[in-house]
Amino acid sequence: MPLTVAMIADWDGKDVPGEEAFAALAADLKAAQKTRQAALIGKRLNYEIPTLKSKVTVTARKIEKVETGPWKEAVIAIDPVWNQVETWATIKRASSAYTPFYLLSVLDLKQETSGSIVQVEDNRKIYRGILWRTLGISFLVTLLTLVLGYPVAYMLATLPTRSANILLILVLLPFWTSLLVRTTAWSILLQDGGVVTQLMHVTGITWLLNLVGVLDGEPSLYKTRFSTVLAMTHIQLPFTLLPIYSVMKTISPSYMRAARSLGAKPAYAYWKVYMPQTLPGVAAGCLLTFILCLGYYITPALVGGPTDNMIAGFIDSAMNSEGNWGRASALGVVLLAATLILYYVYNKLVGIDKMKLG
Amino acid sequence: MAAPPYATRSEVVAHYGLRVYVGLVLLFLIAPILAIMPLSFNSETFFSYPMPGYSLRWYDDFFTNNRWQSALRLSLVLAFLTTLLSTTLGTLAALGLVRGNLPWRATIMAVLISPMVVPIIISAIGMFFFYAKLNMLGTLPGLVLAHTALATPFVVITVTATLSSFDKTLMRAGESLGASPTWVFFKVVLPLILPGMISGALFAFVTSFDEVIAVLFIAGPEQRTLPRQMFSGIRELISPTITAAASVLIVISTLLLVAVELLRRRSERLRGVR
Amino acid sequence: MKHVTKFMAAAALGASMFAIAPVASAGDELTIVSWGGAYSESQRKAFYEPYNAAGNKVTEAEYNGEVAKIKAMVEANAVTWDVIDVDTPTGLQGCAEGALETIDWAKLGLDKSKFIGAELMDCAIPNIVYGTVFGYDTSKLAEGPTSLIDLFDMAKFPGKRGLWKNPQVNLEWALIADGVPSADVYKVLGTPEGVDRAFKKLDTIKKDIVWWEAGAQAPQLLADGQVVMTSAWNGRLQTAIDADGKPFKIVWDNQALDWDWWAITKNTPKLEEAYRFIAFASQPEMMANQTKFIAYGPSNKDAVPNIDPKTLPNLPTAPDNLKTAWQLDPQFWADNGDQLKERFNAWLAQ
């Protein structure tokens, strides 16, 4: 809206502007209606004040038929929203090439007319929840892979090479199998009445869960948080396990023997002597898994429900369903920032050169 | 392997407890992959055991249905070109990186590896906007370049690993015997780093063959790769043909894994690493 | 040196592969995008196959009504979809945001007055009338639901429900089930309180909803027994009944009527071919032919006499099915779609 923007460039923002600004608005909207831009203008303003889009398009449609002024009355007659200072302030803000709006909005914040930054209304407040959800799921998956992976790495590292190599194949095969294939496998196994449900039934887990009252009847696992975490843990397990394993392999068994021979109980010797030496591997594996988890998109989309989508999923829907590129980019920036910080930590702590494959 | 004879009772419990635990974890790792394969031979469209009968109808569908076949073909072409390009670029980058006199080495390495770490959806959005400007959306070169960016880090890592244990005196020996640098490269360096290159190439192949997010963003409507076909298949309509496709991919990745393992052992033997 | 030359040659070969100009997709083929499943199949059999037989080449693609994708394509100047089958809100929004071409009826050589609803939109030609209905499996529910109220009645019909992952129709149904007369739905939905009321009603069944995204999923959910009832586009359920022999029953109460349209993507390089195809597919006998494959009503008045009388009662426009039907308000959705979609996505994620 070139004319309007020029007209309100010096506007002080205290009262609704005068007739000239409205005349400019009318001219702009008429032009926009001809070139099919009205909806786009409305769309941009709508991000800040919901409902503004329909008001812009309706005004543009109606003003097209109005030939002469006074414009202020005509425009306000179509919709009283034009008689609000906030509407004009939004137009002025939106006219700038740079705006903090998108970045604020993905943190559930917005800028008031007065310039102060406040929280958005409750029903639009979702992004902080999604950020926490993403971090929470990533943390949980990292923890699970560590709990599951550490003992396996320990055993692989202490077994004779020959048998260790055979067991290692069992770890490497899923590592090599495509993420999509493994997600596919889970989404099929987790169907209602599918293999996992059957297995739970046969092993009596379903019965047990019914008994303690966690469950009523057969479980429905597909499209749940449980499935998402399960599948992600499965996919990430080798990423946590392998770095721990490669560190453990370098630990000489003579340290443990020395501790034992000096009288330490096994658990104590293990805790005081062996464990600390594995920490670099634990840090490397967990950081890598955590970083990779943050960006998960496919697995939550396919085996999770709508409440299990993580940031990447919302980037996709902002991009492909809402057509809000600004928001997609802002969410991307948040995700990228989180990743890069952790990547930096990883690089300092572990060293990127130490990254190994297989 | 039994617990050592001097072990205390609690140690024996810990010893066997650990074995059972590890067994269960390994089962968890491998079971989903193994469980999916028999389902692909199911004669009915259910996804549960016991199966009413066996048939090859889903494989038949996979190998005769035009959609799956053209997807498979496109994926193979794409993965092949990506492998070629990323192996070349990645190897050259690794050769440059191991030179001792390179300034900013760590930073360059971190940047080179970043596509592996940065969420693909972010790279994909960036590529979408960038390729739009270059008119490369929906083109094969666009897809190849996108996948090359994602696959090259794997080559850099594997080749760098091979080079780090590479004895540089061999190069000097070659040069002192009068060989030109290029001659030394092809006769001395290349054969020694070849295993690293090949395993990097295999990683690159798998990366491209598996990738769906970048494809979703930058491919044209008729450019349906195998993962894209599977993705929309699961999202919209689970057909048992997907289990057949998944099984085929599992077999391929198993073969690639065996290839990489053999190479790694051969290379360690050659370089005398113990 | 011999090796080096070889290497250079290989590199040059590699480079030349990339130099090969634009794409494999170039050529005279027309990319037509539609909603997949049984609907795309009906279009394939009724239009694409005869059109291809006449020496053309149609490439099919699928989408789920994402205007954003069309817009991205136009703005990025990378139009790969030529003809798009849109529903009315998608079409109006695409039109208003400059993502679709304005239709030149003279160029089509068709009589606009013969097409029901044609005056509603500048950017598209109506092709079918469809109804959003809901259905259930008679082999699992002997005493099935009969009215829209039953869809929201968890006490009478416990179990999961399938709904389209889109605010459209769901919000209207929620209000109607909550007691709003269907004639006033958009008046109520136009107010913030009305929107809150609709979401509150949906909240009562939220945890039992299985969301479907592509039209083909709805009959699939029902067939797999994942849901006891599901909303669907009437043709999808009818095809499952007729072609696959499924024991489904359609509940026509408060069906939401809407059109599907042929639209042309803005700045497509295949403008002429697109017009040629649409003119071809809009002939009365062609449209009547489509009803053999899916139970949607043709928009061309001249097509009606050509329809098999056995199919007529299954069409959404059959008098029996129209009793409580209401029409989707496309202008409302074009204006408010974005913000309701955003609210809907937020609601889903909570």
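1. C:Leu30 stands opposite C:Val58 in β2(C). This is a predicted model, in which local features need pLDDT of at least 70, side-chain atom pairs count only at pLDDT 80 or more, and totals for chains, interfaces and linings use all residues. Residues are numbered from 1 along each chain as its sequence is written, while chains are lettered from A and ligands numbered from 1 in the order in which they are written.

2. 5 bridges join β1(C) to β2(C) (residues 58-62), and the two strands run parallel. Strands (E, at least two residues) and helices (H or I, at least four) are DSSP runs, numbered from the N terminus. Two strands pair if DSSP finds at least two bridges between them.

3. β1(C) also pairs with β3(C) (residues 83-87), in the parallel sense over 2 bridges. Here C:Val33 stands opposite C:Ile84.

4. 5 of the 5 residues of β1(C) (residues 30-34) are buried, so the strand is largely enclosed by the rest of the structure. Buried means that 20 or more other C-beta atoms, placed from the backbone, lie within 10 Å of the residue's own. In a regular strand the side chains alternate between the two faces of the sheet. C:Leu30, C:Ile32 and C:Ser34 lie on one side of β1(C), with C:Thr31 and C:Val33 on the other.

5. Elsewhere, 53 residues of chain B are in contact with 54 residues of chain A (C-beta atoms, placed from the backbone, within 7 Å). On the chain B side, α1(B) gives the most, with 14 residues.

How values were computed:
Contact = placed C-beta atoms within 7 Å. Buried ≥ 20, exposed ≤ 12 C-beta atoms within 10 Å, placed from the backbone.
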